[in-house]
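Trainee: Hi! Could you walk me through some side-chain contacts here? I'm new to this one.
Mentor: Happy to. Let's bring it up and go through it together.

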Amino acid sequence: MPKELIVLALNCGMVSAELAAAIDKLKDSSKSIGSHKSRQLYWDAYTKLAAKANTTSDGSYCFLKYSADTSSDNPLGEVEVVELTKRQKGMAGLVMGPKFKPPEDPSSKTHVFVWSEAAASRAWQDLMYGEPCVYITPAEIFVGTRHKRASCKTLSSPLKTAKDVEKLVAELKPDEPLRSVSFAGNEPVVVNSYNTLLAGTFKLDAPLPETIGSINTTSCDEIYEYFLARKAEKNLRDADELVSRMLVDVNKNLVPLICAASTKEAAVAYKSALMKRVYVDEKKYGKFVSKVREDGQVELITVTPKDDGSASAFRDHGSLVFEMFYRVDLTTMGA
């Protein structure tokens with residue numbers, strides 16, 4: 001069985017002894033975990049993380065990842081150290097999360113972030129691969145994910161009209177002033193139809209267009225959840241549109257360019273390098289999604305169909321639809 005990320009720590013400049021002490025102190029929190037198996041797992045996690053922390057270089061910037069096979073009756077994991085690149089080190093100041101100072105020096109400028117349980121893998125995915133959104137508060141413009149945030153511009157006064165908002169959004173360009181929060185490279189954000197929103201209390205004179213969202217909160221978690229919901233709505237609309245295009249071709253008896261059928265057809269198209277992009281329900285086709293994501297050769301868009309009874313061509317056609325590079329009858333290739 002694949003190992004699961006149980007605890008993720010991000011050291012931001014602490015010396016090894018203080019890092020080890022800060023992590024070791026977290027062992028006490030494992031005593032209140034429900035089952036004996038879980039208590040044993042987290043005790044092992046913090047013990048091994050503290051031991052590994054003692055071996056890191058003083059002042060280092062690195063991830064410490066404790067992973068284990070939780071399907072085992074007696075799960076015991078291993079620790080991996082991932083050194084931050086020069087770019088990632090410079091961006092550590094943008095990170096947000098559970099922060100711990102050296103136990104003997106709570107005023108220290110150095111610290112370690114620690115995420116555990118489901119939050120660990122979520123934080124890793126967010127920090128390394130999370131898609132950023134743009135949010136405008138009454139005083140400032142930010143680019144951020146759930147666990148990273150960069151200030152891009154301060155506003156002289158709160159926006160008061162919908163036209164003012166639209167004008168400001170139209171002026172937002174990559175690097176002018178929208179910054180990159182990517183750990184992979186300089187990837188400044190480009191405004192699109194779902195990733196820009198107002199966050200906080202605004203009293204506007206008219207409704208905003210659908211391309212600009214609005215949520216009355218300044219909580220980074222709530223803002224990002226709202227962004228993800230907007231993205232999910234957009235992906236579902238696009239998937240429904242792709243199915244509709246397929247049905248038009250079917251009615252014209254054309255050789256398929258778009259296919260929404262069995263996973264067998266998807267597998268044939270994927271293995272034959274015919275698949276250009278795919279919309280898929282990750283909960284329903286988890287193994288397929290993992291394979292495509294790991295290979296990175298096809299544009300992958302995960303979609304969450306609604307369960308509210310609303311119409312969805314994507315859901316009604318199996319929750320998997322893909323577009324090919326050119327028209328081909330997959331049944332002639334073994335599908």
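Trainee: Which ring does the charged end of Arg149 sit over?
Mentor: That would be the ring of Phe142; the charged end of Arg149 is 4.3 Å from its centre. Keep in mind that this is a predicted model.

Trainee: And what about Lys65, where does its charged end sit?
Mentor: Over the ring of Trp124, at 3.7 Å from the ring's centre.

Trainee: Let's move to rings with rings. How many aromatic pairs does a search of the whole structure find?
Mentor: Six aromatic pairs turn up. One of them is Phe113 with Trp115: the ring centres are 5.8 Å apart and the planes are at 15°. That angle is under 30 degrees, so the pair counts as stacked.

Trainee: Are Phe113 and Trp115 buried or exposed?
Mentor: Buried, both of them.

Trainee: Why is the pair of Tyr224 and Phe227 called tilted?
Mentor: Their planes are at 40°, with the centres 5.2 Å apart, so the pair is tilted. Stacked would need planes under 30 degrees apart, and edge-to-face over 60.

Trainee: How do Tyr224 and Phe227 sit in helix H6?
Mentor: They are three residues apart in that helix, which covers residues 220–251, so about one helical turn separates them. Both Tyr224 and Phe227 are buried. They also belong to one aromatic cluster together with Tyr194.

Trainee: New topic: where is Thr196 found?
Mentor: Thr196 is in strand S11, which runs over residues 196–199. With a relative accessible area of 0%, Thr196 is buried.

Trainee: Which residues does Thr196 touch?
Mentor: Leaving out residues up to four places away in sequence, Thr196 touches Val134, Val169, Val191, Thr211, Ile212, Gly213 and Arg230. There is also a polar contact of 2.9 Å between the side chains of Thr196 and Asn195.

Trainee: Now salt bridges. How many does the structure hold?
Mentor: There are 14 salt bridges. Among them is the one between Arg245 and Glu323, whose closest N and O atoms are 3.7 Å apart.

Trainee: Which parts of the chain does the pair of Arg245 and Glu323 tie together?
Mentor: Arg245 lies in helix H6 and Glu323 in strand S16, residues 320–324, so the pair ties together parts that are 78 residues apart in sequence.

Trainee: How do Arg245 and Glu323 count for accessibility?
Mentor: Arg245 has 34% relative accessibility, so it counts as partly exposed. Glu323 has 8%, so it counts as buried.

Trainee: What does Glu323 do with Arg277?
Mentor: Their side chains meet in a salt bridge too, at 2.7 Å from N to O. This pair links distant parts of the chain, with Glu323 in strand S16 and Arg277 in strand S14 (residues 275–280), 46 residues apart. Both Glu323 and Arg277 are buried.

Trainee: And which residue does Asp316 form a salt bridge with?
Mentor: Arg315, with the closest N and O atoms 3.7 Å apart. Asp316 is exposed, at a relative accessible area of 54%, whereas Arg315 is partly exposed, at 27%.

Notes: Residues numbered from 1 in each chain as written. Predicted model: local features only at pLDDT ≥ 70, side-chain atom pairs only at ≥ 80, totals over all residues. Heavy atoms only, no water. Phe/Tyr/Trp six-rings, centres within 6.5 Å; stacked < 30°, edge-to-face > 60°. Buried < 20%, exposed > 50% of the residue type's maximum accessible area, 1.4 Å probe, protein only. Helix = DSSP H or I, 4+ residues; strand = E, 2+ residues; numbered from the N terminus. Lys NZ or Arg CZ within 6 Å of the ring centre and 35° of its normal. Polar contact = N/O pair within 3.5 Å; in protein donor to acceptor, adjacent residues only side chain to side chain. Contact = heavy atoms within 4.5 Å. Salt bridge = Lys/Arg side-chain N within 4 Å of Asp/Glu carboxyl O.
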